[in-house]
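Please find below a colleague's note on the structure. The points may be read alongside the sequence and coordinates.

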Amino acid sequence: MLTLHNKISIKELKKNMLTENTPRITISFYKYFNINNPKEFRDKLYIQLNNLDIFGRIYIAKEGINAQISIPKFNFTYFKNMLFTSYPELNQIRLNIGLEDNGKSFWVLCIKVRHRIISDGINDKDFNPKNVGKYIKAKQVNQMSECPNTLFVDVRNHYEYEIGHFKNAIEIPSKTFREQLPMILKILKNKKNENIVIYCTGGIRCEKASAYMKYNNFKNVYQIEGGIIEYVHQAKKQGLPLKFIGKNFVFDKRMGERITNDIIAHCYQCGILYDTHTNCKNPNCHLLFIQCEQCKIKFQGCCNKICQKKLYHR
């Protein structure tokens, strides 16, 4: 019987990835489209990607696909051809290539079937997710960032925003995307006629957020095409100044891609400028937080003295 899931321990797989010499690239992509049988789609894709030695995390739902993967460089062209020919709906889809990438991002292939490819909490049957905001590219992004009557709205989580964002962007303080959508309406309730630029990491959250805002009568909604990743690629290629400062948070082992040298976040414990996230070493806590090297030694990788005592002084 064919195995369609990993059978090797995570610890061993991570060790193999860290010692691997094969050059890899990290890419992400998404697409909202109808998938009649997500389980069947998932199993077929798993076999194809596993045969190409691809690692990563992919969500499949009836509404589409959301993927972050690591590919051996020598298989990249073959992967693109396979994806575009096997799945016509994905033909010529944008593949966002990592900005600061050593290939050490994922160490296992995990493909899951979910109710949604991103949890949004929208249950209104009249909501049309395809009625999205106007796409804008890097040059127009920079121009609009200089307009006093244009608002930039970050639809990522707090820990993403804190290490990097567009200058003067509005943060929607929340822990999840589904919490953000009603908060956007509340925070911007008096701004429905102003120019609003929505952005996120690669574009997937922008699609839902901009459509949701238009559904709730916001008149001039724009979204950065391809998100932060595509914006930075375009800006660098065209020699444009970067309006995004700091790091771009990523959901893999790297936990961040350096965009500019600006450090805008602080160590949670001592307050010095620092922008590298870590997880509390206490497995019962595992809090995601920013900790400088000095505090890492002082607290032994824990987020506070209580966790430290429980972990190391039992």
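Predicted model: local features only at pLDDT ≥ 70, side-chain atom pairs only at ≥ 80, totals over all residues.

1. Residues are numbered from 1 along each chain as its sequence is written, and side-chain values use heavy atoms, leaving out hydrogens and water.

2. Helix α6 spans residues 177-187, and F177, Q180, L181, I184 and L185 are buried in it. Buried means under 20% relative accessible area, exposed over 50%, and partly exposed in between (1.4 Å probe, protein chains only). Viewed down the axis of α6, these buried residues fall within an arc of 135 degrees (taken from the directions from the helix axis to the C-beta atoms), so they line one face of the helix. Helices (H or I, at least four residues) and strands (E, at least two) are DSSP runs, numbered from the N terminus.

3. An open antiparallel sheet has the strand order β8-β12-β13; two strands pair if DSSP finds at least two bridges between them. Its edge strands are β8 (164-166) and β13 (257-258). Three bridges join β8 to β12 (residues 244-248), with G164 opposite G246.

4. The whole structure holds 15 salt bridges, each a side-chain nitrogen of Lys or Arg within 4 Å of a carboxyl oxygen of Asp or Glu. In one of them, E146 and K243 have their closest N and O atoms 2.5 Å apart. The pair ties together parts that are 97 residues apart in sequence. E146 is exposed, whereas K243 is buried.
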